[in-house]
Each structure stands twice: as structure tokens, then as C-alpha cells.
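Subject: Structure for you to look at

Hello,

Here is the structure I said I would pass on. My notes on it follow below.

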Amino acid sequence: MAIGATTVVVAVVVFIIVALVGADSGSTGTEAGSSSTGPAVPLAAASAWPTGAVATVAMGDLADPANTFWELFVRTQGSTQWSLATPLGTASNGGLVAGVGPSGSVTAGVLPSAFLTFSPVASSRDLGATWAPGLLPGALLSAPDALATSSTGTVAAVVTNKKGAAPKVVVAGPDLASWNEPAGLHAALAAASNCSGAKPTRVSFAASGTLLVGLECSGGSDGGVLVAQGGTTWRRGEPQGIAAPGTNFQPLRLTTVATAVVDVALVVRNGLGTGVQASWSSDGGSTWSSGPIVAIPTGWKVASVGVGGTGVGGTGNVRATAVVVLLSHGAQRRINAIAAPTSSWITLPPGPSGTATAVATDSGVDALAVSGGRETTWSWTSGSDRWMVGSTERVPIQFGSSG
Amino acid sequence: MPGMGGSSDSGGSLVVQAFHHALVTQGALILVVVAILFVGWNHLRSLQYRRAVARGETYPPAEPARRQVPEAPARRLLRIAFGVLWIIDGLLQLQPGMPLGLPSAVLQPSAATSPTWVQHLVGSGADIWARHPATAAASVVWIQLGIGALLLLAPRGLASRGAGALSAGWGLVVWSIGGAFGGIFAPGLTVLFGAPGAVVFYVIAGILLAFPERIWTSPRTGRRITGGLGVFLLAMAVLQAWPGRGSWQGTIDGKPGPLASMVASMAEVPQPHPLSSLVASFGAFDQSHGWGVNLFVVVALATLGACFVVGGRWLRPALIVFAVLAIADWILIEDVGVWGGTATDLNSMLPLLLLAVAGYVATVRPGVVADEVADDTEGMAVVAAQPESIDVVANEPPANEPPANEPVANEPVTIEPDVPVPVAAASGVTPPTDRSWWERIDTSSAGRAVAAVGALAVLLIGVAPMAAAAVDRSADPAIAESSTGPPSVVSSPAPAFSLVDQAGHVVSLSSLQGQVVVLAFLDPVCTTDCPVIAQELRVADELLGPDAGDVRFVAIMASRLYNSREAMVAFDQQEGLDSLPNWSFLTGPVNQLAPVWKDYGMEVLTAPAGGMSLHSDTVFVIDAHGTLRRVLNADAGDGGHASQVSFAEILAQQVKQVLHP
């Protein structure tokens, strides 16, 4: 061939490949609960506190969004059984976020799905036995701990809209009637140092009622925490030295654990998605103690994070604040747990098939495994080398009801 | 019914009936046009005969001493093959699942993983189709049959080149809007599944046919076609080998890899059992030997690509191997492409293979005349001075090829443009100057022209209603009636109610007397049907025009839990109802709502486990005197824009009938 034609052929080949590969990498979808930065954040979560525990998991036909229903399970203190407590009256296909408070109150928010653009919420003071409905002024952000309840019943939420507007924090009283943005937060976000494009993505209340806001940052900078100081004042309150500096860590959980001495836990994942680290605060986010990093093997991803419970060891004051990380790789499940900043991560026996979330109990760890409309609780007792099957609940999934 | 799923029926009998009706109507119109053309042609021949007899001449005149140079073999191959493909595609459009199934089963899935702008483009086409499914489906049948017939019936001249241009133009429409650009902007692109889309090869063939016919007299055209194919295959080889795309894995996370899962899903489509078994077997083989299969594919694509680019003595063996592999891919991976009820073409491998064969034929057996003059010689015979064809040995082309018009060794001698002479003059019978224009028409060749005009008429009969549908923002009422059934005409006193509206004012049925009331029951946190019904009411309000001033649209709360005024306000804002002056959303405590539900035959149930409230989707039309006149099922079907507008059309018609009995 002539040289000119060869050049044209090479150029065409290069152009086609670059265009096609570029298209390939630019159109990757994100899973439910995804965040704008880093790997997707799992929405399935569990929280335990001295008087109970809640867990949110997806059930039904997970390959079909219209037949995927998010369910809320609760476990009361002393019980080994989880029971269904999903709020009634609205479709949960979009996702479900449970915000727990130090007093054991629970607020559940439904992510909009299909044609709905705002989020119904419901609050309960009796661990899901009865719910009082309300509405959020927008769509609840798809992230665990995008909703929180204080000991006095005040509710905070991170809301956005379906068009992806910048999320904002809103706060309402127990009646969920009138929502307002916390004073000074907007300015604090704009002024957040070392966090360009700060976005609030998590909220939590310390035992004192102090509001903490978890941040994600853009431009490769680390995430962070803003702590309300009263009036319009906020200060940065993330742990010192958490994760490797500059790894663009991303909050996974920021939640109350409501024990006598430790009230807030922060779980983060580095920006590369290769490690998870937990920090605990006993003074409303003023000071934190961080534990070691647990590595995420290549090809694995964080499927859920459970916070709270006492059953994975540890000693002293921090014993009641375990963090349980569920990793998934296809059908495989791996569960790591840590009890305290001074502890090491322990690797539990491989998680039962279908495990969707796990959280520490008083004596070990509970794993909630789902398959279609069946939820099975598996229990691991500290020191054991196997999971024991516990209760099974047949959930009346409303297949076909959402289109 | 919210909570009970939609009742979309892709084979909706009313729409299929309308489709068949449109086909019959347009088919009858085509018959009329063809009959008129035939009669006209026959009449012309009769006139010519009579005039010839009157002049004492023979009719038809003696065959002039002329030789019509034949169409280049490669061009003929492309023209006939793609003409047949268009006809097959047109016949596939006759499937009854097409009118309602194409947008949801073909158009939208094809764009689902593409960028937003592609989804919008495809969505606009899908919307036109969805609002006028019968018209659009019938139009596409005729357009594709028309293009196919035109390609087959117009072998030479402007009509033939025009057919190529039409083929390319319509192919571009189908490729972009119908096929989301063959998925080239979506992840997972692979030639094995049909990328970059079958129709893009129709477009290329159409462009080649639209070029002046003289391009086929040089083997360079063939070499460019095969060289382009080689470049394409090389690019596909690189893409297939690119790591991280799943091509190398038969299984990923314990699940079938992209190729295996695609093949498995193809095997599940209803089809003859031997074929599904064969396809399923290959899927299983790929699942267990994914790396090896992909290695073979990459090596084969790269080798064939290189052979096609180099050409010469490699061309023939490369073509043979390519033909075998293309047919294997067409059967084992593309699964022949015609199953499932909404298949639109035979997929990519056959047209790609046809292009390859045409390129090879154009290289080794180019045409012998630049027939440009024929374009301007309607009614003229072309006197050619050269042999009909010259066999050419496919040799390695010289490094610096001469221009197309310069004779080259082993290439055909380029012929000077033929000199057109009138038929009569060529036959030496009568000077043409004393003849009318119609006497000089060569009716023997005009027969083919008449047929081509008939094919063009078929095409236009398809294009006209499609164009009309594109600008018509309404929707076919048959869409909604397919899922909801016809409205019920009733006459009974409407049950009374007195509730509070979104502004806190008490509204009763008696307070609305003097207006026609359109009454629905809506759940403000419903995610599916209620928002759709709200849009149906809003569109019906628009369709009523000036009559809307005499109509009140009223919704009564259909939720036992989310029944606050705040919920109604949020719903109104979400649906854009808050700006309608004649809109009221009413609520009250459950003990006030429940009797109203009961009086109107509504059952509002609270479902467990994340299900939304259950209630039926009934809409009532109450006249200005408080009498119930119409009961409509507003079940939104697939919830799409088309079914919304369609129901709104029906509702507006019924309201107008009640307003103006």
C-alpha cells in the first residue's frame, strides 16, 4: 500500500480503538448507593446499640429493580431473632436508610423510585412496632447514615433531588413537619479546608445531641467530619491520621453507637477502595481513636458495614463498639470485625451464602442472609469456627406491585 | 392499579388490529398506484402501436444495433443482496409484536447503556413510535419494502443510484435512532454480537451504490472495500483483546462472562430446538473455555484483517475463511437474528460478509463501462463500443496506482462515454424530429422505470404517514384502550363527599355543581401509577382547551398513612399540578376518607414489606348536576408517555361528550 494510505489506516485503527475503549470506560453504570467519588458505597447496613439493632437489606428479585424491595429488620435486646419492621404505606424499591438514635429511636427513610421524586420517612420510638409518617423536602441521599435521630427525637437527613443537585443537610423535630438547614453549615462546607467541593453525605447525633456531618470531597482530597459547635459555628472533627494521607478516604458509616462511653463511630474506606479503617469517639467527635486498616483484596468490594455490639472481643470502655465489614466477591462473602482501636481485625469464617449485612451481637456476630423472599439469620459465636443457622423469616415480598 | 403492576400487553389486540388495518389500507393504496402506473404504461404502448400502424411501421420497432453494457458484477451483487435484505427486514416488521413491542423490546434496551445524549435521541424516536404504534409499524414495513424493491427494480442510472442513497439515508435513521448507533458508545462492544450494528453495513452498501457507476470499473474500488474491511477487523481484534472488558473470561464471579451470558440469553428465545441446543452448547463451551475462545477470535480477526489489508493473493483464502467464521458467528452467537417476535434484521454478519464478497468481486472482476451518460439519457439507447466484460486477474496492485481512468495492465480498459442516440435513429427507421415526445419513449425499458416508480411510491406511502406521525403530538387512543378497555357509560347520582383541599379549604361535591368533575383517587407517595394518572389528568386538561374552564379535576386521597396536606402539596409540585387553577387534591382523616372510598367502590389497602398502598385506578366523570356519567379504567399500562397521552385523549373525549351531550 502507499505510505499515505498506510498512515490513514493506522490513524483510523487508532481512532476506532480509542473511541471504542473510551466509550467503554466512560459509560460504566453505578450500583445503588453509589457515591460520586471512589467505589460505590453499599446501602445495606446494620447498627446495634445497647437496647436493640436494625438492619436494612435488599430482597426479592435483585436483578429487577421493580421487584427489589428493601426491608428493615430489628432485633430487640436479649432476643436472638430478627423480625421484619419495614415501614408501611410506600414502596421501598429505591432503597431504605435507617437512622438510629442514642435512645433507640429509629427513623427510616425511603429512597424515591420510579416516578416519585421525594422521600417518605417514618419514625418509631418502639423499634418499628409503630411508625409515624412524614416527608423529606427532597430525595434522601443514597447512603447509609444519610438519616439520623437524636436522643430527643430530632431528625437530620441528607437530601438531594433526582437530578443530582448538591446534597444538603436538613433537620426537623420529632413530628417531621418542618425541615430547616442547620445554621452555618452551608458556610462551613464552603470554607472546609483541605476538602474541595465538600458535600455532606452522612449525619449522626452524639449522645449530647451534637450533630456531626460526614463529608466527601472532590479533587482527590480526603473526606472529613464537621461537628456542630452551637450557634452557627462548626469545626472539622475528623480523626487525625486516619487512613493514609492523601488517599481520598471516603466515609462509609458515621453513626451513633450509644454506649456509656463511646458514642460515635466513623468507618472510612480509602479512595482506592483497597482498605477500611474505623475510628471511635467518646466525646461527640472532639477526639478520635483509630484502629488499624483492613485490606480489601483485589476483586472484592465492601458489601455492608455493621456498627455496634459487643461480641467480637476487646476490653475496657471500647468493647461495646464493634465494626463488622462484609466483603463480597461474586457469591463469596468474607467478614472482618474489629472491637476497638487497640484491637486487630479478626477474620470470621466465610460468610453464609447470600449474606447481605452483618453486625455484632452481645456474644458474637449475626449475619443476615437473603434469598428471594427468605431471610435467614446466621450466628457466629466468638471463638467459633463456624456459622450456626438461626431463625428464618419468610417476607411477604410484594412482587409485581411496583410495575 | 397501584401495587398490582401494569397491564402492558405488547401484543395489544386493538393496536395489532389497527396495525393490520393500516397495512391493508396502505397496501390497497399501493395497488391503486401500481395499477394506475400499469394502465398508463399500457396505454402508452397502445398509442405507440396505433401511431406506428398509421405510419405503416412495425411495432415494436426493430431492435437497434446496440449493446447495453451490463452492470458491474460487484454492484449487481450489492444491489440485489441488499435489496433482498431490505425486503426481509420489511417482512420482519410485519410481526404482530412490532407495534407495541419495538420501543420497549428493541429501541430502549439498545440505548440503555449508552450515553445520555444517545438515550435522548433514541427516546425521541421511541416516543414517536409509542404514540402512533400502528402507523409507525406499517410505515416502516412499506419504507423497507419500497427501498428493497427499488434496489431490485432499478439496476442502472439515476434511479438506481437514488435507491442506494435512500438505502443509506434510511439506514442511518435506523442505525442511529433504531439501534443506538449499534452500541458503539456503550460498554461491552464486540463484533461478535453485531457491533457496530447490522444497518451500518446497509449504509455503506447504499453509499457505494449511490456513487457513479464508473467507480466499479476499477479494481481499486474493490481493494478499498476489502482494505476497509481489514481495518475494521483489525480494530475489532484489538478491542476484543483489550483487557478488563470481560472478553477473556468465560465466567466472572461465578457467573457467565459477557459472551457466554449473551449466547445463553439468545438460546432462551423461542426458536427451533436444534438451533437453541446448538447455541446453548456453544454458550456452555465458551463459559468453560472463555480464554481459548477469545484467543481464537482475536487471532482470527487480526489475521483476516491483515490479509484483507494486504490483499493480493491473500484475498481469496481470507474471504473463504472469513465466510466460514462469519456464518459460524451468525449461527452460534447471533442466533440467526430473527427470533423473539421483535427481530428487525438478520444481524450483522451476513451484510458484512456480503460487503466482503462484493469487495472481492469488484477487485477481481470490475465492470467495463463508466455509465454516467445513461443517467441523462432516459428513452435513449446507449451504444457501447467495448466488450461486455473483461476478466481481470487479481494481482498485487502497483505501489503508485494511476488514476481510475488510465488503463492499467490487468485492469479493464476505461471506455469513453457512450454516445447516446435516440432509439429510432439507432434503428435507422425514422428521423425523430417529426415524433411527439411520447412516441420517442422506449416502452420496453420504460417498463422497468414504471416498476421503479411503483417501488418509489411504496416507499413514499410509508414515509408520508411516518412524517405525519412525527409531528403529531397526540397518541392513538387504541394504545390506552388495549390495556384499559372502553369507558363505561353510566347514569346514577354521584356519592357525596366533603373533604379538605391542598390549601386547607373544605370542598364538597355539591360545592362543585355547575362544573363537570373528573374524579380520581391518588396516593401521594405512590411511585408508579398515581404519578402517571396525574399526568394523564394534566394532559387531558390541556386537550380540553377552552372547555377546561367548565371542568374541575379532583383527586381524593388514597393512602391510609401518607394522607397529610404536606404529602398532597409535595405530590402536586412533583407532578406540576400546583399551577393548575382547576385542580383540587382532597384529604381528611381515614374515618372520613373510608366512607368515600366505599361509596365509589374503592378499596385502599396497606401492603406489607415495602409495597405501596393498593387501590384501583378508576376515574369518574360527573356532570354539572352531580350525576355520574362515565367510569374509566386509568390503569397506566406501561406508564409510558404514549399511553398517558392516549388515555388523556380518551378522557378528554369523554369529558367533552358529558359537557356537550
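B:D623 is buried, because its relative accessible area is 8% (buried means under 20%, exposed over 50% and partly exposed in between, with a 1.4 Å probe and protein chains only). Its salt-bridge partner is B:R629, at 2.8 Å from N to O; the term means a side-chain nitrogen of Lys or Arg within 4 Å of a carboxyl oxygen of Asp or Glu. B:R629 is partly exposed, at 28% relative accessibility.

Before going on: this is a predicted model, in which local features need pLDDT of at least 70 and side-chain atom pairs count only at pLDDT 80 or more, while totals for chains, interfaces and linings use all residues. Residues are numbered from 1 along each chain as its sequence is written, chains are lettered from A and ligands numbered from 1 in the order in which they are written, and side-chain values use heavy atoms, without hydrogens and water.

Over all chains there are 10 salt bridges. One of them joins A:R75 and A:D366, at 3.4 Å from N to O. This pair links distant parts of the chain, 291 residues apart: A:R75 is in strand β3 and A:D366 in strand β26 of chain A (strands are DSSP runs of E, at least two residues, and helices runs of H or I, at least four, numbered from the N terminus). A:R75 is buried, at 8% relative accessible area, and A:D366 is buried too, at 4%.

In chain B, the side chains of B:E71 and B:R79 meet at 2.8 Å, N to O, and both residues are buried.

Regards
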